[in-house]
Amino acid sequence: QFDEGRTDFPVDPEQGLDPAELTQLLRVHSLELVMEFTNETSDQIFGAKIPHHMLLFLNKSSSAQLELQDGFRAAAGTFRGKVLFVVVDVAGYGADVLPFFGLTPSDAPTLRLVKMDNNRKYRMDQDVFSDTAIRTFVQGVLDGKVKPHLLSADPPEDWDTRPVKVLVGKTFEQVAFDETKNVFVKFYAPWCSHCQAMAAAWEELGERYKDHEDIVIAELDATANELENITISGFPTLNYFPAGPGRKMVEYKNARDVETFSKFLENGGTLPEEPPAAPERPGNSTGKEEPGPSEPAEARDEL
């Protein structure tokens, strides 16, 4: 009922019908060639299983910006099924997604491409809205010739004088991979309740090690800063970057309290082995296994 009007699906007589390929074709062609991001279409857009989304941010109240859709639409057909082309009204429903791209309404009109599997975002060196420029840019991303555009906040003036160093995208590399330092970083989101719950412990940890020349306690707001080779998929994420060459990284997945953090740091990025639990004493007739006195608190809680 829109766009191409008809799409043919060739079937190899020898290999037969591939249900997965046919399902994806139906999914792709049930969408308009260029979608507008609205409350009604958002589920379709995110459920399309198309690996790249090319976005045109514009203000629909501007007739000049609306005209930019012509080149955008002309480019879209080339990438049908590989890239979903989406128009985002910065003065309407699309305003809520602007912070995700580090944009404000005044940045429109502008273009972004996002890879859906890792949320990597790409932008043209300068916004050119012709169909030829858009095709060249999109093909460059698909071919791996365009580097992602990484968000970064500006560092606070006192970022490196606080007990907990405040990192941003621009300063992360020089701090985390300093070969003379052991750097323990909390990646957080301001709205994350788990991050808020451990904030006091992290500040106390920073105070405890503020005078240690070779240990740095730091934090990075992962909603406002992006890193080229590190993808943060949950909050909080705690990563330890040991001193020395090799750009090593250890993910911390243990209890989030100051004492356990300290044991981890003092032991060079691993928790020391706990002594084995004491054997069960004769006379225990409850039939239930009891944790030994040397087991850590979190193990007792789990039991």
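**Exercise 1. Work out how much of the protein is buried, and how its contacts and surface are made up.**

Step 1: buried residues make up 38% of the 303 residues in the protein, where buried means under 20% relative accessible area, exposed over 50% and partly exposed in between, with a 1.4 Å probe and protein chains only. Keep in mind that this is a predicted model, so local features need pLDDT of at least 70 and side-chain atom pairs count only at pLDDT 80 or more, while totals for chains, interfaces and linings use all residues. Numbering starts from 1 along each chain as its sequence is written, and side-chain values use heavy atoms, with hydrogens and water left out.

Step 2: take the contacts with a separation of 6 or more; residues 24 or more positions apart account for 64% of them. Contact here means heavy atoms within 4.5 Å.

Step 3: the accessible surface comes to about 17,700 Å², and 49% of it belongs to carbon and sulfur atoms. Those areas are from the Shrake-Rupley method with a 1.4 Å probe; for residues, only the protein chains shown count as cover.

**Exercise 2. Find out how β3 is paired and whether it is buried or exposed.**

Step 1: the protein has nine helices and ten strands, which are DSSP runs numbered from the N terminus (helices H or I, at least four residues; strands E, at least two).

Step 2: look at the partners of β3. Strand β1 (residues 34-36) runs parallel to β3 and is joined to it by three bridges, with Val 34 opposite Phe 85. β2 also pairs with β3 in the parallel sense, over seven bridges, and Leu 55 has Val 86 as its bridge partner. Two strands pair if DSSP finds at least two bridges between them.

Step 3: check the side chains. Val 83, Phe 85, Val 87 and Asp 89 point one way, Leu 84, Val 86 and Val 88 the other, and all are buried. Seven of the seven residues of β3 are buried, so the strand is largely enclosed by the rest of the structure.

**Exercise 3. Trace the largest nonpolar core and what supplies it.**

Step 1: a nonpolar core is a set of buried Ala, Val, Leu, Ile, Met, Phe, Trp, Tyr and Cys residues joined through side-chain atoms within 4.5 Å. Of the 23 residues in the largest one, Met 54, Phe 72, Phe 85 and Val 138 touch the most other members.

Step 2: the elements giving two or more residues are β2 (52-58), α4 (69-76), β3 (83-89), β4 (110-115) and α5 (131-142). α5 gives the most, with five residues.

Step 3: leave aside neighbours within four places in sequence, and the contacts of Phe 72 include Val 34, Met 54, Phe 85, Leu 111 and Ile 134.
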